[in-house]
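Take a look at the chain shown here. We will walk through it one contact at a time.

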Amino acid sequence: MNIPNLSIDPKAGQLSAILYSKEITSLQNLLDWLLGLPYGRNSDRTDYTLILKENKGTCSTKHALVRAVAIENNWPDVDLYIGFFFMDSNIYPRLKDILEKAGLEGIPEAHTFLVIDGNYVDVTSKSSPIEQGMIIDEMDIEPEGIGDLKESIHKGFIADWAEEEKINLPLDQIWATREAC
C-alpha cells in the first residue's frame with residue numbers, strides 16, 4: 001500500500017513535537033512505530049497520548065493518536081473509523097469456552113482503524129480483522145470518540161444484532177461475555 005509522503009511538523013502541536021523528538025518525522029514512521037508497539041490497554045483507555053509514556057496501545061488509542069497528529073498537521077484523508085466484525089471461536093479459538101458458557105456462537109466486536117487516502121490501515125498488530133476483510137459495518141469518528149462514544153455505539157450495535165438474531169440474553173450479560181473475551 002502506498003502511504004502518502006507526509007511529514008510531521010514539530011511546530012504543528014504538542015503531539016507532533018513529542019514524536020519528532022523521538023525521531024518519528026513522517027506518517028510512515030508513525031505507522032511503523034505504532035505497529036511495533038505491543039498491544040495493551042493504557043491506564044486510561046480514552047487517553048491516546050498515554051501511548052507516548054506507556055509504549056503500548058489498543059486499536060483505539062493507536063489509531064486515535066494518528067488521527068490527532070493528522071489534525072495537528074492538517075493532513076487530508078487520514079481518517080479514524082470504528083468498524084464491527086463477528087468475533088467467534090473460528091477466528092479466536094481461545095474464546096470457545098467463554099462463548100459456549102454464554103450460549104453464544106460469537107459476538108459483534110468493535111475495531112478502530114484508519115482510512116488513509118481510501119485505503120484501510122490497521123497498526124494494532126500484525127493480524128487484523130481489516131486485512132482479513134471481516135468488517136461488516138463502519139463509521140468515522142474523531143479521537144475524542146474512542147471512549148464513551150465508542151462504547152455506546154458498540155453496545156447499540158450489539159443490541160440491534162441481538163434483537164435481529166433473537167438472542168435471548170440481557171444486554172449486560174452479552175457485554176460481560178464480550179469483556180471476558
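Which side chain meets that of Arg-41 in a salt bridge? The partner is Glu-179, and the N to O distance is 3.9 Å. Keep in mind that this is a predicted model.

Now find the two partners. Arg-41 sits in the loop between helix 2 (27-36) and helix 3 (51-54), while Glu-179 belongs to helix 7 (residues 171-180), so the pair ties together parts that are 138 residues apart in sequence. Arg-41 is partly exposed, since its relative accessible area is 48%. Glu-179 is partly exposed too, because its relative accessibility is 38%.

Move on to a second pair. Arg-45 and Glu-151 meet through their side chains in a salt bridge of 2.8 Å, N to O. This pair also links distant parts of the chain. Arg-45 is in the loop between helix 2 and helix 3, and Glu-151 is in helix 6 (residues 148-164), 106 residues away. Check their surroundings. Arg-45 has a relative accessibility of 33%, so it counts as partly exposed. Glu-151 has 25%, so it also counts as partly exposed.

The side chains of Glu-142 and Arg-67 form a salt bridge, with 3.1 Å from N to O. Glu-142 lies in the loop between strand 4 (137-141) and helix 6, and Arg-67 lies in helix 4. They are 75 residues apart, so to speak of them is again to speak of distant parts of the chain. The two partners differ in cover. Glu-142 is partly exposed, because its relative accessible area is 35%. Arg-67 is buried, because its value is 12% and the limit for buried is under 20%.

Some salt bridges share partners. Arg-41, Glu-109, Arg-178 and Glu-179 are joined in this way into one network. How many salt bridges are there by this rule? The count comes to seven.

Next, look at polar contacts. Start with Asn-73 in helix 4, which spans residues 59-73. Asn-73 is buried, because its relative accessible area is 13%. Its side chain has a polar contact of 2.8 Å with the side chain of Ser-16. A polar atom of the Asn-73 side chain also lies 2.9 Å from the backbone oxygen of Val-69.

Then go to His-111 in strand 2. Is His-111 buried or exposed? His-111 is buried, as its relative accessible area is 7%. The side chain of His-111 makes a polar contact of 2.6 Å with the side chain of Asp-122.

Stay with the strands for a moment. Leu-80 is part of strand 1, residues 78-88. Leu-80 counts as buried, because its relative accessibility is 0%. Which residue has its C-alpha atom 7.3 Å from that of Leu-80? That residue is Pro-143, which is 63 residues away along the chain.

Now turn to the surface. Glu-105, Asp-160, Glu-163, Glu-164 and Glu-165 gather there in a patch of negative charge. Take Glu-105 as one of them. Glu-105 lies in the loop between helix 5 (96-102) and strand 2 (106-116). Glu-105 is exposed, because its relative accessible area is 71% and the limit for exposed is over 50%.

Finish with the backbone. Glu-23 has a phi near 65°, a positive value in a residue other than glycine. Glu-23 is found in the loop between helix 1 (14-21) and helix 2. Glu-23 is exposed, with a relative accessible area of 68%. Asn-55 is not a glycine either, yet its phi is positive, at about 50°. Asn-55 lies in the loop between helix 3 and helix 4. Asn-55 is partly exposed, because its relative accessible area is 37%.

Key: Residues are numbered from 1 along each chain as its sequence is written. This is a predicted model: local features need pLDDT of at least 70, side-chain atom pairs count only at pLDDT 80 or more; totals for chains, interfaces and linings use all residues. Side-chain values use heavy atoms; hydrogens and water are left out. Patches are made of residues with over 30% relative accessible area and no salt bridge: like charges are joined within 9 Å, nonpolar side chains (Val, Leu, Ile, Met, Phe, Trp, Tyr) within 5 Å. Accessible areas come from the Shrake-Rupley method with a 1.4 Å probe; for residues, only the protein chains shown count as cover. A salt bridge is a side-chain nitrogen of Lys or Arg within 4 Å of a carboxyl oxygen of Asp or Glu. Lys and Arg count as positive and Asp and Glu as negative; His and the chain ends are not counted. The place of a charge is taken as NZ of Lys, CZ of Arg, CG of Asp or CD of Glu. Helices (H or I, at least four residues) and strands (E, at least two) are DSSP runs, numbered from the N terminus. Buried means under 20% relative accessible area, exposed over 50%, partly exposed in between (1.4 Å probe, protein chains only). A polar contact is a pair of N or O atoms within 3.5 Å; within protein, one must be able to donate a hydrogen and the other to accept it, and residues adjacent in sequence count only if both atoms are side-chain atoms.
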